[in-house]
Amino acid sequence: MEKVLRVRGGRPLRGRIMVRGAKNFVPKAMVAALLGQGPSQLTNVPAIRDVEVVSGLLNLHGVSVDYDVQSGILRMDPTDVELAHVADIDAHAGSSRIPILFCGPLLHRLGEAFIPDLGGCSIGGRPIDFHLQILREFGATVDKAPSGIHLHARNLRGAVIELPYPSVGATEQTLLTAVRAEGITELRGAAIEPEISDLINVLQKMGAIISVDTDRTIRVEGVDKLVGFTHHALPDRIEAASWASAALATKGDIFVEGANQPDMITFLNVFRKVGGAFEVLPDGIRFYHPGGELKSIALETNVHPGFMTDWQQPLVVALTQAQGLSIVHETVYENRFGFTKALRQMGANIQVYRECLGSLTCRFGQRNFFHSAAISGPTPLHATEMEIPDLRGGFSYLIAALAAEGTSTVHGIGMISRGYEAFIDKLHALDAEVELR
Ligand code: EPZ
């Protein structure tokens, strides 16, 4: 029976915490290690569920993985890669979507791969049509199996790929396949998030030849051999922004060691416009509520360098405490406002709409998705009993409970451990009154 977290809210979060490697980069670098002839080493690796899941999947494929939580050093040796047993992969994949990125490396090494059906989650359907199309372009055969997809390929050839949307996963899929494919691959309309750039850093260290043009075109010259890498993972800008939003919502002051300004420029601009203050120091960023009112804003999420969709949910909690009407247009996922239901139960005044409330053209406008929200504040929040819906919505619930008057009971907190390392220890370090029961 999973434990519940009791949160006594209404107190400012104050203190210093640290973020380590980015959840949306580290697992991909681990998959890249499969491509190396020799062992690889990642440092700054956080102890989060997604790293555990991918470690298990690598083990299943014969890769030895050794991780030391204290030092954050993770070592992988892919010398004895083999095809895993279907049932085992299924059991291991859990809610992670990373298995789809194993395709390219396994096809290069073994000529075949099996990927279990990936769960969508509560923020949208999470289709993989781009991924499958890309693998076919490289020459793989993709067969639907009862519980997933079976892929085969003798040799993979470079291709010209045009992405219908700058998908992070599809860009990673292309990179992880193109680096060892025969000839040139040209990926147009690629994602250029910092986590993608860091994956390119890793692949280049391994021997890959990759260029990124100003028009979002990535070109890869396939090579015959890739070696192992040593790499220090970039910090988790989503976790950093989540704690920053918690500082705003609780009128607190949090120093986030490891936060990196260049990756967070757009977030910092919005944070300042809402009325937050921040101080960039050599080893991190101090985020604090400087007093006075928070200001409402109009915000649209977008691909990099726009305001990241994963920053939206924690910030919405802070916007419930802002003076006036804030408008948020979520253009990356079709269903990312489900978490606002619990916030309304706590006293927030949030209305969601099917319409695109913003200037960006969006894929969801004329369909039945509530992907815009209006948040009217400030509204006092009161404690409640809540069930975590997904990773970022879950952390937003935590922020809301910390900002609310009274003691909340939070169920399903294991979901938060997927992407927030030691978050209960960090809450204690920030003087929060939380208790695991
Ligand atoms: C990555 O997901 C991140 N996850 C997400 O973070 C992040 O929100 C997202 O990128 C956007 O930045 C990881 O890196 C593990 P996409 P990914 O492919 O790669 C559509 C978090 O909380 N699409 O860029 O799955 C898709 O439905 C998570 O840390 C297709 O239609 O995202 C979405 O509307 C949440 N077909 C859009 O593209 C496809 O084949 C962007 O998705 C693939 C994607």
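In this predicted model, the lining of the largest cavity is made up of seven nonpolar residues, one polar residue and no charged ones. The residues to look for are Leu57, His61, Ile89, Pro99, Phe102, Leu106, Phe114 and Ile115.

- The largest cavity has a volume of about 30 Å³.
- The structure holds one cavity of 30 Å³ or more.
- The second largest pocket has a volume of about 150 Å³.
- Lining this second largest pocket are Gly10, Arg11 and Pro12, then Ala249, Thr250 and Lys251, and also Gln321, Pro380, Leu381, Ala403 and Glu405.
- By class, the lining of the second largest pocket has five nonpolar, three polar and three charged residues.
- As a general idea to keep in mind, empty space left between atoms shows up when a probe the size of a water molecule is rolled over them.

**An enclosed helix**

- Is helix α10 (residues 309-319) mostly enclosed or open to the outside? Eleven of its eleven residues are buried, so the rest of the structure largely encloses this helix.
- Buried here means that a residue has under 20% relative accessible area.
- The buried residues of α10 include Trp311, Leu315, Val316 and Val317, and also Asp310, Gln312 and Gln313.

**A four-stranded sheet**

- Four strands form an open sheet in the order β9-β10-β12-β11, and their pairing is mixed.
- At the edges sit β9 (160-162) and β11 (209-212), each of which pairs on one side only.
- On average, neighbouring strands of this sheet are turned by 10° against each other, direction ignored.
- Strand β12 (residues 218-221) pairs with β11 in the antiparallel sense, over four bridges.
- To find one of these contacts, look for Val212, whose bridge partner in β12 is Ile218.

**The whole protein**

- The protein has 13 helices and 24 strands.
- Of its 437 residues, 58% are buried.
- Along the principal axes, the C-alpha atoms fill a box of roughly 60 × 45 × 45 Å.
- How does the radius of gyration fit with that of a compact globule? A compact globule with 437 residues would have a value near 22 Å, and the protein has 22 Å, which agrees.

Conventions
Residues are numbered from 1 along each chain as its sequence is written. This is a predicted model: local features need pLDDT of at least 70, side-chain atom pairs count only at pLDDT 80 or more; totals for chains, interfaces and linings use all residues. Side-chain values use heavy atoms; hydrogens and water are left out. On a 1 Å grid over the protein atoms alone, a cavity is a set of points where a 1.4 Å probe fits but cannot get out, and a pocket is an open set with protein on both sides within 12 Å along at least five of seven lines; lining residues have an atom within 4 Å of a point. Grid points are joined across faces, edges and corners, and a volume is the space filled by probe spheres set on the points. Ala, Val, Leu, Ile, Met, Phe, Trp, Tyr, Cys and Pro count as nonpolar, Asp, Glu, Lys and Arg as charged, and the others, Gly among them, as polar. Buried means under 20% relative accessible area, exposed over 50%, partly exposed in between (1.4 Å probe, protein chains only). Helices (H or I, at least four residues) and strands (E, at least two) are DSSP runs, numbered from the N terminus. Two strands pair if DSSP finds at least two bridges between them. Axes are lines fitted to C-alpha atoms, for helices over the stretch in contact, and angles run from 0 to 180 degrees between N-to-C directions. The radius of gyration is taken over C-alpha atoms; the globule rule is 2.2 Å times the number of residues to the power 0.38.
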